[in-house]
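Reader: Hey, can you walk me through this one? I'm new to reading structures.

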Amino acid sequence: MASTLLLVLVFVLDLIAFGLAVAAEQRRATATINRDAEYNYCVYESDVATGLGVGSFFFLLASQLLIMFASRCLCCGRALRPGKPRSWAIVLFITCWVTFFIAEVCLLAASVRNAYHTKYRTYLAQHPPSCEVLRKGVFGAGAAFIVFTGIVSELFYVSYSKADEGSIPPRMDGGIRMKAFM
């Protein structure tokens with residue numbers, strides 16, 4: 001039987017990670033071009049989104065580690081009972097890791113890119129500087145994959161728990177038995 005406490009804890013961690021990713025999308029850094037006496041340069045607004053993205057990254061990581069610890073990462077521990085729950089557990093395990101990896105890459109790349117600010121300036125006669133900012137939707141993509149990861153990881157844990165219940169029936173060998181001759 002799947003642990004309800006674990007499922008609730010993972011849900012809360014995923015919900016916090018999702019909220020932080022959505023907040024990071026809303027608070028992305030923006031830039032404006034300021035003009036000085038001789039130079040044009042970029043001025044960036046608050047950099048809160050980077051911290052929110054990194055926080056989301058770590059909450060999702062904690063959620064994934066918790067599920068993998070509870071299921072012994074599917075590869076450690078005793079063998080699972082054959083059947084549909086084991087098949088689903090294997091498929092969901094792979095899917096869980098793929099969606100987790102995509103979400104983490106989106107969050108990490110968006111956080112790094114959001115923290116990057118161009119530091120050069122140009123003369124007034126030249127073209128204005130290119131104030132590079134994070135493209136809209138990268139944190140949003142991470143948030144979407146956080147939702148997918150949360151759903152798939154909880155389904156994986158439930159399938160794993162169903163396949164882990166009971167014991168594997170002993171194998172009855174129907175082969176030829178050898179008996180000592182008298």
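This is a predicted model: local features need pLDDT of at least 70, side-chain atom pairs count only at pLDDT 80 or more; totals for chains, interfaces and linings use all residues.

Reader: Ok, how do α1 and α2 pack?

Author: Helix α1 covers residues 4–26 and helix α2 covers residues 48–70; their axes are 8 Å apart, at an angle of about 160°. Helices here are DSSP runs (H or I, at least four residues), numbered from the N terminus. Axes are lines fitted to C-alpha atoms over the stretch in contact, and angles run from 0 to 180 degrees between N-to-C directions.

Reader: So is α1 roughly parallel or antiparallel to α2?

Author: Roughly antiparallel, a label for angles over 145 degrees.

Reader: Which residues make the contact?

Author: Among them are Leu6, Leu13 and Ala17 of α1 and Leu52, Phe59 and Leu66 of α2. Contact means heavy atoms within 4.5 Å. By class, the contact of α1 with α2 has 18 nonpolar, 4 polar and 1 charged residues. Ala, Val, Leu, Ile, Met, Phe, Trp, Tyr, Cys and Pro count as nonpolar, Asp, Glu, Lys and Arg as charged, and the others, Gly among them, as polar.

Reader: What covers the buried residues of α1?

Author: The cover includes α2, α3 (84–115) and α4 (138–164). The buried residues of α1 include Val10, Asp14 and Glu25. Buried means under 20% relative accessible area, exposed over 50%, and partly exposed in between, using a 1.4 Å probe and protein chains only.

Reader: New topic: where does Leu61 lie?

Author: Leu61 lies in helix α2 and counts as partly exposed, because its relative accessibility is 26%. Leaving aside neighbours within four places in sequence, Leu61 is in contact with Phe100 and Glu104.

Reader: How do α2 and α3 pack, then?

Author: Their axes are 8 Å apart, at an angle of about 160°, which makes α2 roughly antiparallel to α3.

Reader: Last one: is Asn114 buried or exposed?

Author: Asn114, found in helix α3, is buried, with a relative accessible area of 2%. Beyond its neighbours within four places in sequence, Asn114 is in contact with Arg28, Ala29, Asp47, Ala49, Thr50, Leu134 and Phe139.

Conventions: Residues are numbered from 1 along each chain as its sequence is written. Side-chain values use heavy atoms; hydrogens and water are left out. Helices (H or I, at least four residues) and strands (E, at least two) are DSSP runs, numbered from the N terminus. Angles under 35 degrees count as roughly parallel, over 145 as roughly antiparallel, 65 to 115 as roughly perpendicular and the rest as oblique.
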